[in-house]
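Please work through the exercises below with the structure open beside you, trying each task before reading its solution.

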Amino acid sequence: MTEAATAAGAVSRESLDARLATSPGWLADRRNAAWDAFTAMPAPSSARDEDWRRTDIGRLHLDRFGPAGPAAPGLLELARSRHATALPGAALLVSEPAGTVTIDNAEALLAQGVIISSLEEAAERHPELVQRGLSGIGIDDSYFAALWNSLWLGGAFVYVPAGVQAMTPVWVSHLAAGADAAAFPATVVVLDGHASLTLVEDLVGPAADPAARVSVAVTALQLGDDARLDDIPVQQLPPATWHFALRRASCGPSAHYRLLGATLGARLQKSYWDVILDGRGAEADILAVCFADADQHLDHQSLQLHRGPDTRSNLLLKVAARDRAQSVYGGLIDVEPGAIHADGYVVNRNLLLSQGASASGVPRLEIKANDVRCGHGTTVGHVDDEERFYLMARGIPADEAERLVVRGYFADVLDRLPIESTRDWLVSLLDSEIGDRGPSRFGEAG
Amino acid sequence: MPETAGGAQVVVAGSGAVVAPTTELHVDGLRVAVEGKPILDGVDLRVPVGEVHVLMGPNGSGKSTLAYSLMGHPKYKVTGGSASFDGQDLLALTPDRRAQLGLFLSFQNPIAIPGVTTVNFLRAALRAQGKELPAREFIARLGEEMGSLRMDASFRGRYINDGFSGGEKKRAEILQLAMLEPRLAILDEPDSGLDVDALRIVAEGVLRVMEKSEGRMGVLLITHYYRILENLTPDRVHIMHQGKIVDSGGPELAHVIEREGYDPYITATSPTGPEVSRR
């Protein structure tokens, strides 16, 4: 405790003061209130908090992480090359952990009246839009949300005006903090009525860097009346990262939110994916893959909150875990009394590739409305002996057979990604995570 | 290399030692148990490359067990005897190594592997066997073979065996046979459940692969039906009963089975094990 009082760590009064000095009044008030909430709250505990029961962060000492310095050498280039490979036509916003934000290739969007800027800049210039964007994130929603609300910097802001179909996607790269440092990635997106956008959020760091880091992220998404958002979050943080994330999409009437995500990195992740279906007829499809190996502990929590009538949601999370990796999933479909004719579904599938790997999935339903259709399911399986034998009987060695089965297992999610270059990129990320020894990437021939 | 057509030739090498000249499957006294239950009770069998051998026998006699055991399914435990191909001890090899050696098993009911397309599956198999083709050549060959088997082009992108009908699965197995060009094809009931037209397509497919191999592929065909043999004339027919080969002969033996069934074997063999057979 004495350390915390003396060192100017990332999580400190000094950090807060530095943020307050550069924040407009409304934001400074918000940061102050969030800091008060954060310091008054105990850290989540696996003994006390139900949704933390299977994820123990007792060994996390936030006071040991320093403020983020400049991005690691080569990291900027890595982030840019991922964009260039997967979706070169997208506008690119790179947010560095120390707050520097650079934007490229956004001319077409700006000409459409789309706002794309650092979140800090937007907080100065478009306070009402940023406040709208943040309206779904309470300052004291949780310990890590409060921390983020007080200390985020840099960040990405995108606003698409009413009726505008964004001509190009937006690619947001959040670079990981340096060794023993903390980053607070921030993305806020506001879509007005009848607007549409494709967003990629890439959390990227040096792939093999064994240094500890912490990442506390919030992605706040507001979809107006009949808006469409395709949201592609990719988390591939370095292997010793503690990652805490909240991603919340609030959907107005007839809005359609589609998430297609991949979770690959970090040592320990606790990630919340919330969709709030406020308006009549709002819809959400959440499809994600997760590959965990070594000692990774990857925890996904989801909320499908049906508030409006005739709302629909569907979630599928497919996990493959190897070595000693652990997957934890908890999901809730919450149907409020006004949400008649709600239709909600949640499924968590797990494929265990090693004796030491484990997975737990606990989807739940809370239904307070009549005339609804809701379902949930969870499965845990292994690579089937018959599948393995069939592949081996064709000459394919056991380890390659396993890789084929795992790729196949993820295919039904990845095949839903309509952008071919992005899908190929995600497949290649998964291939390298699974460990591909083949001479070429294993794509479709021809 | 001396080309041989029959199974029993030997040549005298320069030194005067007698060696077997043929590449062949050589099974000697093979005993196999499944989950502790003995199924094969000393199988002796030789299948030289270039020949078609047919294995017939009543249900439960051990035909499929022999096929799976030769390919190395982990569920089938070898408790005695030996099996070799081209002089190599098969029993010491994992299934992938057996396939790389030239063995192929056409499954009676192949499993679906969701998410793995037929194309990607075949490319992985060819690569693993060191037979990878340039993409264009591969696609051309695949198109040709699929055409011969009257398979729709959509099968390329479909997940292997996933949602295939029984007949489509059989054809997909023969497609793999054609693409992989093994030296020994073990075909486990490639004709079961097929209508007349589908049966002819499958039989012609096997025949085409045989002809293309120019005597470098042997076939061990497991079947219940005489009909497929109208297209594929066997060199030898073996009858299996209670885990043993109880009779072998030329193609005429299949005619006898077609007419008389297996009853003569069943009644002939039961007295040899009275304690067992009366229970």
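The exercises that follow concern a predicted model, and each one comes with a worked solution.

**Exercise 1.** Determine how many residues each chain brings to the contact between chain A and chain B, and which helices of chain B take part.

*Solution.* Begin with the two sides of the contact, to which chain B gives 30 residues and chain A gives 26 residues. Next, look at the helices on the side of chain B that touches chain A, where helix H2 (95-101), helix H3 (118-128), helix H4 (135-148) and helix H5 (166-180) of chain B each contribute at least two residues. Of this side of chain B, the largest share comes from H3(B), which supplies seven residues. Finally, sort the residues of the side of chain B that touches chain A by type, which gives 19 nonpolar, eight polar and three charged.

**Exercise 2.** Locate A:Asp226 and decide whether A:Asp226 is buried or exposed.

*Solution.* Start with the backbone: A:Asp226 is not a glycine, and yet its phi is positive, at about 60°. Then place the residue in the chain, where A:Asp226 sits in the loop that lies between strand E9 (213-223) and strand E10 (228-236) of chain A. A residue is buried if 20 or more other C-beta atoms lie within 10 Å of its own. A:Asp226 has 21 C-beta neighbours inside 10 Å and therefore counts as buried.

Technical notes
Residues are numbered from 1 along each chain as its sequence is written. Chains are lettered from A and ligands numbered from 1 in the order in which they are written. This is a predicted model: local features need pLDDT of at least 70, side-chain atom pairs count only at pLDDT 80 or more; totals for chains, interfaces and linings use all residues. Two residues are in contact if their C-beta atoms, placed from the backbone, lie within 7 Å. Helices (H or I, at least four residues) and strands (E, at least two) are DSSP runs, numbered from the N terminus. Ala, Val, Leu, Ile, Met, Phe, Trp, Tyr, Cys and Pro count as nonpolar, Asp, Glu, Lys and Arg as charged, and the others, Gly among them, as polar. A residue is buried if 20 or more other C-beta atoms lie within 10 Å of its own, exposed if 12 or fewer, and partly exposed in between; C-beta atoms are placed from the backbone.
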